[in-house]
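Please read them alongside the sequence and the coordinates.

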Amino acid sequence: MKLLILSSLCFLSSVTLGQNQITWGTASDVSSSTFGYNFPRIVQDGGGDPVISWTSNGNMYFARWNGSGFSTPTTLNSVPIAGAGWMGPDIASKGDTIFAVYKETPEADTNSHVWCVRSFDGGITFNPPVRVDFIGDNICRFPTVTVDDSGNPIVGFMRFDAGFGNAQWMISRSTNGGVSFSADVLASGWSSGTSEVCDCCPSKIVSDGNTVAMPYRDNNSNIRDTWVGISTDGGANFLGGMDVDQQGWMLMSCPSSGPDGVIIGDNLYTTYMSGATGSSRVSYNISSISTMTGSTAIPLDQTTPIALTSQNFPRVDSDINSMAFVWKQFSNGQQELAIQFTEDITSGINPIQEIVAVDNVGAVDVMMNNGTVWVVWEDVSSGTVKYRSGTYSQSLGIKPGANLQSNITVQPNPSSDLWNINGISKSQSIQYELSTLNGKLVERNSVFNFDGKFNFELENSKLNSGIYYLIISDDDSIETVKLMKQ
């Protein structure tokens, strides 16, 4: 028997695009209008449940899923912070480790800094804020955060000279769980030696393994394409960058709209808005990180309604081989939340959009986990953050045509010390491989069965929190099981 080599996409199976379907629940408010609604952001805790942040009246609010709704919002900031419908604080998570970053106001004051707060219990409690930037007489804004495989925060922010000149994206990282941060390193400036970044466009830093990507809107003599700086050493250095837009959008002013992205194996998926065609439209790009090459801009919605006027603020998330893009659009005389969902990215991006919410939609965000997709958005009419969730048939990357082992169970999952795996196999032994989310092999072994059943334990106390894949195979079958380490 042959053990399959784990690829970056983990044995992805083929799914017909026409079969993509989300079964949606009803839309609800995260909280009352007392807490406002600007710039909502959503990530998941160690149990896969959503946690949400947003901003209003100089505060960063945070709420956790409690099984039937969201908890009463708590305030994460200790100083007044910058926030609006198009920009504000950011959050990122790895298991129950959650980091939140925000910018102190006034933004133009050299004594106003970027701060980071951290939680190690899924957002129940947060530690006191830690200063991220140490940039002397410069000023900064637009903090964004990701979490590396060791549970450390990597923070991006825009740095300026006094008076908001010479805008650059900088990266500062922590190696001690957010207790302190290193000196910042430059991540932008790849289009030319004289380029700056668009000084009113926020962004989203993303990471996977040792790869850190800092997508941003570039300003090269008023060409406002989206570029990305790439680091392959965990954000310590950025030695290259690439144009992931290439539409050559000539614009004399900043559009106040930045990119988002996800990394899957060697591929970086970036999404952004461009007005190069004469109206605002959202696109995406697929780039190889190892070769620093990629596609040209691909329109996200290839079945654009005739009544569509504009699209903006795209966001993207993925879970194994499923992916969802969301954005705000003005169509049929109303502001809508649109989603483009694909069960299997190896079959391509589904060209069909679905409308999740209609009228009064502002900035949006999306989170995916284990067959569930969550969307959040600003509801301008009610003055609240709204959410809606839906379920879909998740493909776990099973080899097509295999006669799978039946009744495989994992207890507990998530786990903080060990997983107990049970199942049935017709063969005398089974083989297994445990790998990280980005395909790094952790353990490989064989297990003999007794009376057609197998039972073994995987100790995980020394593993980093996050998602792992267990590939179990015998003489004629293969199955992939998703494991979560707390």
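1. Strands β11, β12, β13 and β14 make up an open sheet of four strands in that order, with antiparallel pairing. Its edge strands are β11 and β14 (185–186), each of which pairs on one side only. Strands are DSSP runs of E of at least two residues, numbered from the N terminus, and two strands pair if DSSP finds at least two bridges between them. This is a predicted model, in which local features need pLDDT of at least 70 and side-chain atom pairs count only at pLDDT 80 or more, while totals for chains, interfaces and linings use all residues. Residues are numbered from 1 along each chain as its sequence is written, and side-chain values use heavy atoms, with hydrogens and water left out.

2. Strand β11 (residues 139–147) is joined to β12 (residues 153–161) by seven bridges, and the two run antiparallel. Threonine 144 has glycine 156 of β12 as its bridge partner, and arginine 141 stands opposite methionine 158 in β12. The hairpin of β11 and β12 has five residues between the strands, and there glycine 151 takes a positive phi near 85 degrees.

3. Buried means under 20% relative accessible area, exposed over 50%, and partly exposed in between, with a 1.4 Å probe and protein chains only.

4. The largest nonpolar core has 18 residues, and those touching the most other members are Met158, Trp169, Ile171, Val197, Ile205, Met214 and Phe238. At least two residues of this core come from each of β11, β12, β13 (165–173) and β17 (211–219). A nonpolar core here is a set of buried Ala, Val, Leu, Ile, Met, Phe, Trp, Tyr and Cys residues joined through side-chain atoms within 4.5 Å.

5. Two bridges connect β9 (residues 114–119) to β10 in the antiparallel sense, and valine 130 in β10 is the bridge partner of cysteine 116.

6. The whole structure contains 16 aromatic pairs. Phenylalanine 70 and tyrosine 387 have ring centres 4.9 Å apart and planes at 75 degrees, so this pair is edge-to-face. Phenylalanine 70 sits in the loop between β5 (59–64) and β6 (74–75) and tyrosine 387 in strand β31 (residues 384–391), which puts the partners 317 residues apart. Rings of Phe, Tyr and Trp (its six-membered ring) pair if their centres lie within 6.5 Å; planes under 30 degrees apart count as stacked, over 60 as edge-to-face and the rest as tilted.

7. Phenylalanine 160 and phenylalanine 164 also form an edge-to-face pair, at 5.0 Å centre to centre and 75 degrees between the planes. Phenylalanine 160 is buried, with a relative accessible area of 0%, whereas phenylalanine 164 is partly exposed at 28%.

8. Serine 287 lies in strand β22 (residues 281–288) and is buried at 2% relative accessibility. Its side chain makes a polar contact of 2.3 Å with the side chain of asparagine 285. A polar contact is a pair of N or O atoms within 3.5 Å; within protein, one must be able to donate a hydrogen and the other to accept it, and residues adjacent in sequence count only if both atoms are side-chain atoms.

9. Asparagine 413, in the loop between β32 (409–411) and β33 (418–424), is partly exposed at 33% relative accessibility. A polar atom of the asparagine 413 side chain lies 2.9 Å from the backbone nitrogen of methionine 484. The C-alpha atoms of these two residues are separated by 6.0 Å, although the residues are 71 apart along the chain.
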